[in-house]
Amino acid sequence: PAVIRRADYAAPAFLIDSVALEFDLVPERTIVKSTMRVRRNPDAGAAHGAPGARLELMGEALEFIGAAIDGKALPEGAVRAHEHGLTIEHAPDAFTLTIESACDAGANTTLSGLYVSSGNFFTQCEAEGFRRITYFLDRPDVMATYTVTLRADKAAYPVLLSNGNLIEEGELPDGRHFAKWEDPFKKPSYLFALVAGKLVSIDERIRSGSGKEKLLQVWVEPHDLDKTRHAMDSLIHSIRWDEERFGLELDLDRFMIVAVSDFNMGAMENKGLNIFNTKYVLANQETATDTDFGNIEAVVGHEYFHNWTGNRVTCRDWFQLSLKEGLTVFRDQEFSADMQGGATDEAARAVKRIEDVRVLRQMQFAEDAGPMAHPVRPESFVEINNFYTMTVYEKGAEVVRMYQTLFGREGFRRGMDLYFKRHDGQAVTCDDFRHAMADANGRDLAQFERWYSQAGTPRISVRTAYDAVAQRYSVTLAQGYGDASNAARETQKGPLLIPFAIGLIGRDGKDIALRLEGEAEAKGTTRVIELTEQEQTFTFVDVKEAPLPSLLRNFSAPVIVEYDYTNDELAFLLAHDSDPFNRWEAGQRLATRELLALAARAQAGEPLALDDSTVAAFSRVLTDETLSPAFRDLAMMLPSESYLAEQMAEADPAAVHAARQFARKRLANALKRDWLSIYESHATPGAYEPSPEAAGHRALKNLALAYLAEADDPADAIRLANAQYDNANNMTDRAAALAALLAASASAGTDAAERALEDFYRRFEQEPLVIDKWFALQATQRGSAQRPVIDIVRKLMAHPAFTLRNPNRARSLIFSFCAANPSQFHSADGSGYAFWAEQVVALDALNPQVAARLARSLELWRRYTPALREKMREALERVAGQVKSRDVREIVEKALA
Ligand code: DPP
Ligand code: ZN
């Protein structure tokens, strides 16, 4: 398949300044009439600008009806419709182009372009879906104003929405009606949207910072209206936050969010008309967990923040995707942290930081280690939809965060202000953003460019030395990439500029005031030192005793830090580090080390044992009442099986599972009294409170329940979980009780979960998002030799509520099993891989984007033990021989290359 390269970027030969779209919406054949003002691009290269140039418009899965230039129908020969679009010969310098075409939304299972879900019309255009609606210059550097007229049967489609402001609506003959929308802002085609159908909204009117009235709406199907309040509140909070933190105001009179259950992504930031996966809109205490509430707040924030970082200033080309995504993820992370902890409560903010870093390390570091490794700004792709990745989003957000770490919040804000001053209304590049940050802060950031162009996870190895006589403490940092994958190595050119936050801790557990050699006096207890060379030594003076270093505080750069702490030192940091992130990190390092040692013993068939001192270190955190429940919950959570497997020279999921289960059991038994008393004292009877504090109590309580379910005698857990299941007044507690019952049945070999599983299904049969949880809980359960989870999953595939066509449902069962149940998926008999191959092929025929995501669950196959590796390769080859889409092809071919 054709590779598209960043180096080949060329400005478009033509520009489209305005477009008027008219839709006659009928599921099987929607007629689209497009009237565009087109002109030759004065800035295009000479080759493109030659007189009599040919105009190439993109189009896909369209039926061409006719075209006219300045009102004159184009004769045959002057226009040619083909598989990839429409070619118009001898286009004049400036003209009005009218095109009529049709598309079949009813048959569109790809969920890209115009499609039908629950009888309503929706669109998804990012990245290249607009060309499935009409012929166009479907690229982000072509920005136009849009006027959209929607016509449809009024009874079937009473609500007609598009971007911007509603300027006219009315009746038409034959029971039809129309609505006309106008978006005053120029935008690229990927931000176009329309919605038509039977929907209802909750409305709020607010005044924005400058006093203008704004109409806010959340549109859903009528039975979901009782689950919209949280999304609306999140939207209002997002609007306020962007005004306060960045001085950015909502620029439209009206802002709408629409929920749809069939959706490939999480949500989409179409100008003024965000379209969301129901998963990130609908919530009430009965149906949504605390995690769901948090995710909704984050995604509503994310899409709203795109209005400035993405829509007002957009991407020149898709290689620049992280320009908007990395920046907007950073903004939503900061928003969530502020909502949890305010701007100054570092311990509360750290909870969000820890959650984000955990995702980054588990998913992005793994991506960087495999065949899909790519820089934050990729150099090439076959299918852009495959590059909506953890690297572009999460590592991209870390790269943006580093500007703030280097320049502080004020310096970062100066850079943002300059970015908007220079580029509002433009389609720009990652370099443009970096230059704005550099110029606003008087810094040369040339070296920083490598963060955008080099793939792979940097490793920093640390050496320290203390000179007691001179009272000097030196820290030597050396950077490299270790043994990076081939895909990553090709991109690596030289050392990075790495902001490295460090603190020194004395024997009393307190931070030492820091004075670097050459400084007049000590200032502060955390210092961001800038590593720019391959190796550098930083010397602290006036250090009265040998300190313990606290390295990479708050995870100041997306790197791996290698330093040989002893177990005692880690336990000390876990007890004392003033940096909450590093406090958590010390526990993770300790656990990772112990768990990997256990896995090695499991592989060798040796008996497993966990040190009393390690258990004691965790016990101290668990019972430390000065720490918030939310923090203790995170500190007691062991690194995931996939993260641990990734740390092995050859990943062995069975050994990792045995090790982690052993440690969980050991912590469950040894601390049983603590778990029971925590369970009692953090139970939250009475009215449900959605606050972060209340959520923290629930999280810790439910962690206690989960550990109790692992104990040798799970009778207590089964009793508590059954009672909690029956009495729960919220989904967090009910789902946690069900999960504990599933875990207890696995360890006790009973069917303790059967009753609750049946009840859960019956109770929530009418709530698709809750039924997704029901499938996911079963797909991720532990299983045993007598009861392998693959059998349960296969049986559930035949359940009447299962369908491959709804991405959420497919993800809840298939992805949960293939990507979130490693020890069962990687079963030695290869049954998981055979299942994976079947499902990738089946999905490929329906929805290539979703199929390609699933395809990625085998991409790290070379990193596994030889027996598994061989079976994975076979499965990949089987898939490679059968799939049709460019999306899946790119993934499996890169994996096998
Ligand atoms: N809708 C996706 C997001 O917001 C792609 N822009 O990240
Ligand atoms: Zn985004």
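## Contacts and the nonpolar core

Two residues are in contact if their C-beta atoms, placed from the backbone, lie within 7 Å. By this criterion, and leaving aside residues up to four places away in sequence, Leu 741 touches Ile 718, Ala 721, Tyr 725, Ala 752, Ala 753 and Ala 756. The model is predicted: local features need pLDDT of at least 70, side-chain atom pairs count only at pLDDT 80 or more, and totals for chains, interfaces and linings use all residues. Residues are numbered from 1 along each chain as its sequence is written, and chains are lettered from A and ligands numbered from 1 in the order in which they are written.

Leu 741 belongs to the largest nonpolar core, which has 268 residues; Val 258, Leu 705, Leu 708, Ala 721, Ala 740 and Leu 741 touch the most other members. Helix 19 (residues 731-748) supplies the largest share of this core, twelve residues. A nonpolar core is a set of buried Ala, Val, Leu, Ile, Met, Phe, Trp, Tyr and Cys residues joined through C-beta atoms within 7 Å. A residue is buried if 20 or more other C-beta atoms lie within 10 Å of its own, exposed if 12 or fewer, and partly exposed in between.

## Overall architecture

The protein chain contains 28 helices and 31 strands; helices (H or I, at least four residues) and strands (E, at least two) are DSSP runs, numbered from the N terminus. Buried residues account for 51% of its 897 residues. The C-alpha trace spans about 85 × 70 × 60 Å along its principal axes. Among contacts between residues at least 6 apart in sequence, 69% join residues at least 24 apart.

## Domains and annotations

The domain assignment, which is automatic or taken from a database, gives domain 1 (13-294), domain 2 (314-453), domain 3 (459-564) and domain 4 (612-896). The centres of domain 3 and domain 4, taken over C-alpha atoms, are separated by 37 Å.

In an unreviewed entry, UniProt places "domain: Peptidase M1 membrane alanine aminopeptidase" at residues 231-451; this span is 56% helix and 9% strand. The UniProt annotation "domain: Peptidase M1 alanyl aminopeptidase Ig-like fold", also from an unreviewed entry, covers residues 456-564, a span that is 4% helix and 40% strand. UniProt feature names are shortened, and annotations may be inferred rather than shown by experiment.

## Helix 21

Ten of the twelve residues of helix 21 are buried; among them are Asp 772, Lys 773, Trp 774 and Gln 778. What covers the buried residues includes helix 19, helix 20 (754-763), helix 22 (789-797) and helix 23 (807-820).

## Val 462 in strand 25

Val 462 is found in strand 25 (residues 459-467). Val 462 is partly exposed because 18 other C-beta atoms lie within 10 Å. Val 462 touches residues including Val 475, Leu 477 and Leu 551. Leu 477 is 15 residues from Val 462 in sequence, yet their C-alpha atoms are 4.8 Å apart.

## Backbone exceptions

Most residues other than glycine have a negative phi, and most peptide bonds are trans. The peptide bond from Glu 126 to Ala 127 is cis, with omega near -5°, and Ala 127 is placed in the loop between strand 11 (120-124) and strand 12 (143-153).

Ser 118 has a positive phi near 50° and is found in the loop between strand 10 (113-117) and strand 11. Phe 555 has a positive phi of about 50° in the loop between strand 30 (548-551) and strand 31 (560-562). Ser 118 is exposed, with 12 other C-beta atoms within 10 Å, whereas Phe 555 counts as buried, with 24 C-beta neighbours inside 10 Å.
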